[in-house]
Amino acid sequence: MLAVEDLHVKYGAVHALRGVTLDCPRGKIVSLIGANGAGKSTILNTIIGLVPAHSGNVTYDDLDITNRKTHALVAKGISLVPEGRRIFLNLTVVENLLVGAYLTRDRKERTRRLGEVFALFPRLKERMTQIGGTLSGGEQQMLAIGRAMMQNPRLLLLDEPSLGLAPNLVTDIFATIRKINERGTTILLVEQNAFQALKIADYAHVLVTGTVEISGTGGELLENSDVKRAYLGM
Amino acid sequence: MINEYIETIIILIMINSIFALSLNLIIGFNGQFSLGHAAFLAIGAYASAIVVAAYNFPFLIGLFVAGVMAAVLGLVIGVPTLRLRGDYLAIATLGFAEITKMVLLIMPEKIFGGATGIPGGAKEIDKVPQLSDLLRMPGAIAPEFAGKLPSQCTGAAPVNINQTMNLIFCFVWIIATLIVVGYGFYALYRWLKGTVERRISGKKWVLWSLRLVYWGGLIVLAVTNTKRINDSFYGVFGVHRSHTWNSYLSTQWTVFLFLIVAVLLITWLCVNYLRSTYGRAVIAIREDEIASTMLGIGEFKFKLMNFLVGTFFAGVAGGLLAHSIPSFNPFEFDLLKSVDALLMVVLGGMGSITGTFFGATVLTILPEALRQSKEWRMVIYSLTLVLLMIFKPKGFFGSSEFSPKIPDFLRRLMDNRRGAKGASDA
């Protein structure tokens, strides 16, 4: 569904991605793990068009989408749940979600999706009229994912969904990601929490200073001794 | 009659409200800091004055042209500047506003009047018609009936009546009285019914007689009001066909009424706009530009669209202004004018519509109220602003709104119209 081919990204003199190639098959969960500064978030930001690619290709459904405008990509069914959530702190939960469904003109469809998101996160329904900034970290993450789901994406890019969450909430979030995937949404996940990320992944890639070092299925990587030592602390 | 000085202040309050509201759309709701809003007021004023005074177009067309011309200038200024952020945008818009002022200065003097402005140097324009000239209703009544109550006017119909306008007026008057008095009836009825239900439960006939009185009263009111158009059956609320708008409302009040309707209409448009999908996108951009891009909101497109809406209303405010002050020239629309509007927005609260009205009212009245303090006037004025900012840094209303409680029956009407989706998709 999504294919990244020999992608190079430069921030000024810093060569952040040095030829990344990866593939995201339809209906699967693909995880990217790696240390800080390995370029995980850069990959997502480049795919969605927030960061310009220096060279290389990104294709989505056989369509070259390298360096396209972000909002145009969102209209094509790619959504990014950004790092640090970036919900609208001064808007209520419902308003946040409705802004997410901005591209849908049909009121009924919007209401239907709102129902779906509330079914996915019953907690958000309880907090419907609460101001976004007053939510807890976990609820904000739910809201960020819910907001992206309001666009009914076919490909969901998740940037560090477990960032700053209590351990039991992390498990919840990953269970939800699973659930979203089971409904047919392809997921590309960037995560620090390597164990959880590999556990739910169909395929996984380990990123080291801008290149993919190890690739394989989630299970394979969990067994890989290098991965175990470097990222799982075993 | 209110004296002319107070009249001018009241008119300015309403025009400033529209002007500040249009700036609040850009600064308060979209977070784009524009410092050149006076340019759009200027364009609106010039456009309307020229179209109406030099080319004799109707006033409402003049206002529309004012809005459109301001929006066109908004497009010219917005396309290059809205890609900038924060301080850079403020400086760029400020620059463009100064350019606009200078361009107005060098335009053909015959029409634009150069440095002395309109109508000063403009040979083509003797006088810009004022709101009171433009809004004088046709169909003046005979002098002996002027200003008299319906019951004091008997005998033959006065001369000089524009029959069509008069019938329209009678009709509007009847509907208006029915609504006002009818609502009074309704409120009384609800109150009585509530009391009755609480005190004497079970006695159905009391309730029924109450209902009878209520509906009977409404029907009597409707019938008597309608009857009075064609015969001489005078009563409390009726109008006789010999009476015109002018016998009820002085031209001064017609002007106020017109401006109130204009303010309400623009407010209504703005509120609906901000509650629409477009409005939500605009507010989302204020909250977090990057996050909104990631939701598929084309950032620049919406900034520009919102800028055009804001400049259009600023142009309309300019159009109204041109017909409310005897003369104006390019120098009036300088940085200070932009800052005035900015102060109103900040004082009332960025992102609050009611706050804007509050800010516009206070900052229009304050300098006038301080006139007696002579040299100290601007010192006190500035000091007030400083104190306000220290104690109310987010403005009086922050980003919240003050809205009066809507009567039950109106609310029910609105809910019915919205149907089932109201609750979740408000």
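In what order do the 6 strands of the open sheet in chain A run? The order is β6-β7-β8-β3-β9-β10, and the pairing is mixed. Before I go on, a reminder that this is a predicted model.

Let's stay with that sheet. Its edge strands are β6, residues 78–81, and β10, residues 211–217, both of chain A. Each of these two pairs on one side only. From one strand to the next, the twist averages 15°. Strands of a sheet pair through backbone hydrogen bonds, either parallel or antiparallel.

β6(A) pairs with β7(A), which covers residues 155–159. The sense is parallel, and there are 4 bridges. To find the spot in the viewer, pick A:Leu80. Its bridge partner in β7(A) is A:Leu157.

Next, the helices on this sheet. Helix α1 of chain A, residues 40–47, lies across β3, β6, β7, β8 and β9 of chain A. Against β7(A), helix α1 runs at about 145°. Helix α7 of chain A, residues 167–182, packs on the sheet as well. Helix α7 touches β3, β7 and β8 of chain A. Its direction makes about 155° with that of β8(A).

On to one residue, A:Ala72. You will find A:Ala72 in helix α2 of chain A, residues 70–75. Is A:Ala72 buried or partly exposed? It counts as partly exposed, because it has 13 C-beta neighbours inside 10 Å. The cut-off for buried is 20 or more. A:Ile48 sits 24 residues away along the chain, yet the two C-alpha atoms are separated by 9.4 Å.

Now the contact between the chains. Chain A puts in 24 residues, and chain B puts in 17 residues. Which elements of chain A give two or more residues to the side that touches chain B? They are α2, α3 (93–100) and α4 (107–120). By class, that side of chain A has 13 nonpolar, 6 polar and 5 charged residues.

From α2(B), the contact uses B:His37, B:Ala38 and B:Leu41. From α14(B), it uses B:Lys337, B:Ser338 and B:Ala341. By class, this contact has 3 nonpolar, 2 polar and 1 charged residues.

How values were computed. Residues are numbered from 1 along each chain as its sequence is written. Chains are lettered from A and ligands numbered from 1 in the order in which they are written. This is a predicted model: local features need pLDDT of at least 70, side-chain atom pairs count only at pLDDT 80 or more; totals for chains, interfaces and linings use all residues. A residue is buried if 20 or more other C-beta atoms lie within 10 Å of its own, exposed if 12 or fewer, and partly exposed in between; C-beta atoms are placed from the backbone. Two residues are in contact if their C-beta atoms, placed from the backbone, lie within 7 Å. Ala, Val, Leu, Ile, Met, Phe, Trp, Tyr, Cys and Pro count as nonpolar, Asp, Glu, Lys and Arg as charged, and the others, Gly among them, as polar. Two strands pair if DSSP finds at least two bridges between them. Axes are lines fitted to C-alpha atoms, for helices over the stretch in contact, and angles run from 0 to 180 degrees between N-to-C directions.
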